[in-house]
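Subject: Structure for you to look at

Hello,

Here is the structure I promised to pass on. Please open it first, then read my notes below beside it.

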Protein chains: 2
Amino acid sequence: MEAILVGFGFIGRSFLSALKEKIRVIEKTFPNFKLTGAANKNGYVFDENGLDLAKLSGLRDLIQYPGRFIREPAVELIERSGADVLIEATPTNIVDGEPGLTHIVKAVENGMDVVTSNKGPFVVAFGKIMKLAEKRGVEVLYEATVGGAIPIFSLARNCLRGSRITRVQGILNGTTNYILSKMHFEEIGFEEALREAQEKGLAETDPSYDVDGIDAGCKIVILANALLGKNITIRDVKIRGIREVTMEEIIEAKRKGMALKLVAEAGEEFKVETKPIPLDSSLCVHGSLNAVRFETDLAGEIIVIGHGAGRETVAAMINDLLSLRPR
Amino acid sequence: MEAILVGFGFIGRSFLSALKEKIRVIEKTFPNFKLTGAANKNGYVFDENGLDLAKLSGLRDLIQYPGRFIREPAVELIERSGADVLIEATPTNIVDGEPGLTHIVKAVENGMDVVTSNKGPFVVAFGKIMKLAEKRGVEVLYEATVGGAIPIFSLARNCLRGSRITRVQGILNGTTNYILSKMHFEEIGFEEALREAQEKGLAETDPSYDVDGIDAGCKIVILANALLGKNITIRDVKIRGIREVTMEEIIEAKRKGMALKLVAEAGEEFKVETKPIPLDSSLCVHGSLNAVRFETDLAGEIIVIGHGAGRETVAAMINDLLSLRPR
């Protein structure tokens, strides 16, 4: 099996280091596994005999790799590589899904399976990608797009066979959860908590994508389309973020043994809202943890909690990779 | 695919009713699915053309099924049926694993896959069963033996590929969790809480198996052997049940925002102990919920919560059934 990696940011580099660490396990499933190419936004490296994982996984920038750095777009690598799998780890863009969408479509059209952490393509074109993949007989796996390391799609596929999922709820955005936890435990205001999150690199300079609930809304789009068989877009999700939360609401919730949380939900309705939930409820996770609650007809409720972001996310990508059929 | 069911108690009958409810879903995976036989401790019914699920799933006792009730042991059904799968749902016996152990071994020797909810055989003979199954090229799936409807073994197999599980902790016994919750929330003593559990049918007349931590210990044996590659027996598990818990301990824990729980653990040590855990920790579930926490090298911690007993348990058996290779 030959794989290529497109995207050399935090997730791409973390994936490489997990790949290097777990290469023996991967070779047990795919005896001839090779990573033959890697691309960032400036170009790519390619070696049909396989790149040197030890050398590659230590790099900050791909251009430092000893070998020819070809200043052409990743699409060229996808098309010339003849690889079996594309690992897509470029940043999320929810406006048009690019460049991830083009990478994924090109890969599928070339008969490649895809493993990705990039939400964008699935927010704007879930149905299109899945139909194309079915037509070409390839797999597109995207466990890492929602809930980081938490098994969601692989769990629904492999652990709830026969049960119908009727509703999915979750705490799915780390930035807002950090801010709300700060406000709850330290009783500081939204602006101050946001500033701290920004200083720690947990919130962007323009924090709107997170604090206004758009990221959580995108995750609801993917959950609804993947698990409930819907065909919705972000415009179908009713969203109320955390920007308006006041200290009075925080303290009132605390007084009742509750905490304000940004709760995302897909069921009869599709929504993201800031609301109090009991501190001792299983969904009420703090810090970097995410939580997902499935309601099902046969298994009842199943709640899964785990790291929603960070290095652990690549565990979901490694699981996806090892779930592919051998080639 | 032809299946037979052995065991016609609560789990066996609940399985039948789920089978009837989900027959269309099952036929999507196994187009020619038939249940050809069913046995209880007094005998069995058999029809090579398939039993009538609608008639069968309403019965309290198998003898009421319209058709010949053969007063011979289930082993005869297993050997004559020529079925592809044994659904084993007899009660747990941790002394010698019988009659489940013999049923499972006979089925495997006859080239049948096995799906079971019966802990006993895996507590006394995990390695033996798995070796035999490997030799015969069949699958033995036992998701329902630990944590009821919670995906544990299927999750480890399908959702954590590439990650190594280093430690498993859990709240895995419903009876003790009910008693401890009663003591915690209503501040009543152990004896009174136990009596209430017995009146509700949640505890046996001889409650020792649950309250002395033996049931949780058995589950640790299965978790350690299945997920950590160990080869332990119940004698390797250090067990301290809930019988000695005093109201003082309960109140002291409450004062600290904690609750006493029967926590089972497999890692460097194998143990079951009653100890306070924070009320807001994800493991701290109440009532009929169980919780399992995996520590892994790549995915970090993953916690799964769900119904640990009751009708929901059969969801795990249906998932196991649908995970088998088609025949």
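**Where the two chains meet**

Chain B and chain A bury about 3,100 Å² between them, and carbon and sulfur atoms give 59% of that area. Keep in mind that this is a predicted model. The contact involves 39 residues of chain B and 39 residues of chain A.

Two salt bridges are counted between chain B and chain A. One of them joins Lys22(A) to Asp297(B), with the closest N and O atoms 2.5 Å apart. On chain B, four elements each supply at least two residues to the side that touches chain A: α1 (10-21), α7 (153-158), β12 (301-307) and α13 (313-323). Which of them gives the largest share? The strand β12(B) does, with seven residues. By class, this side of chain B has 20 nonpolar, 10 polar and nine charged residues.

The β12 strands also pair with each other. β12 of chain A (residues 301-307) and β12(B) run antiparallel, over five bridges. Look for Val304(A), which stands opposite Val304(B).

**Strands inside chain B**

Now go to β9(B), residues 258-266. Is this strand mostly covered or exposed? It is mostly covered, for nine of its nine residues are buried. In a regular strand, side chains alternate between the two faces of the sheet. You can see that pattern here. Met258(B), Leu260(B), Leu262(B), Ala264(B) and Ala266(B) point one way. Ala259(B), Lys261(B), Val263(B) and Glu265(B) point the other way. Note that Lys261(B) and Glu265(B) are among the buried residues.

β9(B) pairs with β7(B) (residues 165-171) in the antiparallel sense, over three bridges. There, Val168(B) has Ala266(B) as its bridge partner. β9(B) also runs antiparallel to β10(B) (residues 270-278), and nine bridges join these two. A hairpin of three residues connects β9(B) to β10(B).

Chain B also has an open sheet of six strands, in the order β3-β2-β1-β4-β5-β6, with mixed pairing. β3 (43-46) and β6 (140-141) stand at its edges with a single partner strand each, so one side of each has no neighbour in the sheet. β6(B) runs parallel to β5(B) (residues 113-116), joined by two bridges. Val114(B) and Val140(B) are bridge partners there.

**Salt bridges**

Over all chains, the count comes to 50 salt bridges. Start with Arg327(A) and Asp84(A), which meet at 3.9 Å, N to O. Arg327(A) is partly exposed, at 39% relative accessible area. Asp84(A) is buried, at 17%.

Next, find Asp113(A) and Arg325(A), whose closest N and O atoms are 3.1 Å apart. Asp113(A) sits in β5 of chain A and Arg325(A) in the segment after α13, 212 residues apart. Asp113(A) is buried, at 0% relative accessibility. Arg325(A) is partly exposed, at 35%.

Last, Arg293(A) forms a salt bridge with Glu295(A), at 2.9 Å between the closest N and O atoms. Arg293(A) is buried, at 18% relative accessibility. Shared partners join Arg167(A), Glu265(A), Arg293(A), Glu295(A) and Glu301(A) into one network of salt bridges.

Best wishes

Terms used. Residues are numbered from 1 along each chain as its sequence is written. Chains are lettered from A and ligands numbered from 1 in the order in which they are written. This is a predicted model: local features need pLDDT of at least 70, side-chain atom pairs count only at pLDDT 80 or more; totals for chains, interfaces and linings use all residues. Side-chain values use heavy atoms; hydrogens and water are left out. Contact means heavy atoms within 4.5 Å. Buried area is the accessible area (1.4 Å probe) that two parts lose on being put together, summed over both. A salt bridge is a side-chain nitrogen of Lys or Arg within 4 Å of a carboxyl oxygen of Asp or Glu. Ala, Val, Leu, Ile, Met, Phe, Trp, Tyr, Cys and Pro count as nonpolar, Asp, Glu, Lys and Arg as charged, and the others, Gly among them, as polar. Two strands pair if DSSP finds at least two bridges between them. Buried means under 20% relative accessible area, exposed over 50%, partly exposed in between (1.4 Å probe, protein chains only).
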